[in-house]
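Here is a friendly note to read beside the model. Please keep the sequence and the 3D view open while you go through the points.

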Amino acid sequence: MNLITQFHTEHRQVVNALIDLRQAITAREIQRVRSILAGAEDLVGPHFKFEELYLYPALEPFFGEAYGKQLLNEHDGVFRSIRKIAELAQKAEWNETDYASALANLELIYEHPISCDGLSLWIERLPAESQEELFQMMLAVRKQGTKLSEYYRERQAA
Ligand SMILES: [Fe+2]
């Protein structure tokens, strides 16, 4: 187990959740949408927190400040879309507008884990000790268990 394999494993879990979410939204199974999002809270919270606080800064010498900002903007978009879908999932039923909005918000975030996983091409360029240090940070952040919505608030307050 190392940083790159764990990083990839987390993206695989995110892709699985997105596929489930697409099925649940398309089937208009609102309860299922809610439970998938609850699972994503625990998975994506520590993932984003590790990326933003430790991984992106470590990779910035490779991709530059502007790309770092772009990655943070992409996360902003993910927060927005997830919050919107979560809000819709509070309803007992969806009308056509709700359904279209849930699907549109899903489309906005669908590609993110694929582009994020590509960062492993840069991670490979880091010295082995740096990769190991980052891996330990990943595990430490995971242990903190910050949910996605909690991390969103931490991020706003920072
Ligand atoms: Fe990621």
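1. Before we start, a word on what you are looking at. This is a predicted model, in which local features need pLDDT of at least 70, side-chain atom pairs count only at pLDDT 80 or more, and totals for chains, interfaces and linings use all residues. Residues are numbered from 1 along each chain as its sequence is written, and side-chain values use heavy atoms, with hydrogens and water left out.

2. Let us begin with helices H2 and H6. Helices (H or I, at least four residues) are DSSP runs numbered from the N terminus, as are strands (E, at least two). Helix H2 covers residues 30-88 and helix H6 covers residues 128-144; they pack at about 155 degrees, and their axes are 9 Å apart. Axes here are lines fitted to C-alpha atoms, for helices over the stretch in contact, and angles run from 0 to 180 degrees between N-to-C directions. The angle makes H2 roughly antiparallel to H6. For these words, under 35 degrees counts as roughly parallel, over 145 as roughly antiparallel, 65 to 115 as roughly perpendicular and the rest as oblique.

3. The crossing of H2 and H6 is right-handed. A crossing is called right-handed if the near helix is turned clockwise from the far one by less than a right angle, and left-handed if anticlockwise. On the H2 side the contact (heavy atoms within 4.5 Å) includes Pro-46, Phe-50 and Tyr-54, while the H6 side includes Leu-134, Met-138 and Arg-142. Sorted by class, the contact of H2 with H6 holds 9 nonpolar, 1 polar and 2 charged residues. In this sorting, Ala, Val, Leu, Ile, Met, Phe, Trp, Tyr, Cys and Pro are nonpolar, Asp, Glu, Lys and Arg are charged, and the others, Gly among them, are polar.

4. How do H2 and H3 pack? Their angle is about 155 degrees, with axes 9 Å apart, and H2 and H3 are therefore roughly antiparallel to each other. This crossing is left-handed. Among the residues that make the contact are Gly-77, Ser-81 and Ile-85 of H2, and Asp-98, Asn-105 and Leu-108 of H3. The residues of the contact of H2 with H3 divide into 8 nonpolar, 4 polar and 2 charged.

5. Ser-81 deserves a look of its own in helix H2. With 2% relative accessibility, Ser-81 counts as buried. Buried means under 20% relative accessible area, exposed means over 50%, and partly exposed lies in between (1.4 Å probe, protein chains only). Not counting residues up to four places away in sequence, Ser-81 touches Asn-105, Leu-108 and Ile-109.

6. H1 and H6 pack at about 40 degrees, with their axes 9 Å apart. That angle makes H1 oblique to H6. Leu-3, Ile-4, Gln-6, Phe-7 and Glu-10 in H1 meet Gln-131, Leu-134, Phe-135, Met-138 and Arg-142 in H6. By class, the contact of H1 with H6 has 6 nonpolar, 2 polar and 2 charged residues.

7. Now for the nonpolar cores. A nonpolar core is a set of buried Ala, Val, Leu, Ile, Met, Phe, Trp, Tyr and Cys residues joined through side-chain atoms within 4.5 Å. The largest one has 28 residues, and those touching the most other members are Leu-21, Ile-25, Val-33, Val-44, Phe-48 and Trp-94. At least two residues each come from helix H1 (3-26), H2, helix H3 (96-109) and helix H7 (148-157). The largest share, 13 residues, is supplied by H2. A second, separate core of 17 residues includes Phe-7, Tyr-56, Ile-123 and Met-138.

8. Is Tyr-151 buried or exposed? Tyr-151 is buried, with a relative accessible area of 4%, and its place is in helix H7. Leaving aside neighbours within four places in sequence, Tyr-151 is in contact with residues including Gly-45, Phe-48 and Phe-79.

9. Finally, find Arg-28 in the loop between H1 and H2. Most residues other than glycine have a negative phi. Arg-28 has a positive phi of about 55 degrees although it is not a glycine. At 35% relative accessibility, Arg-28 counts as partly exposed.
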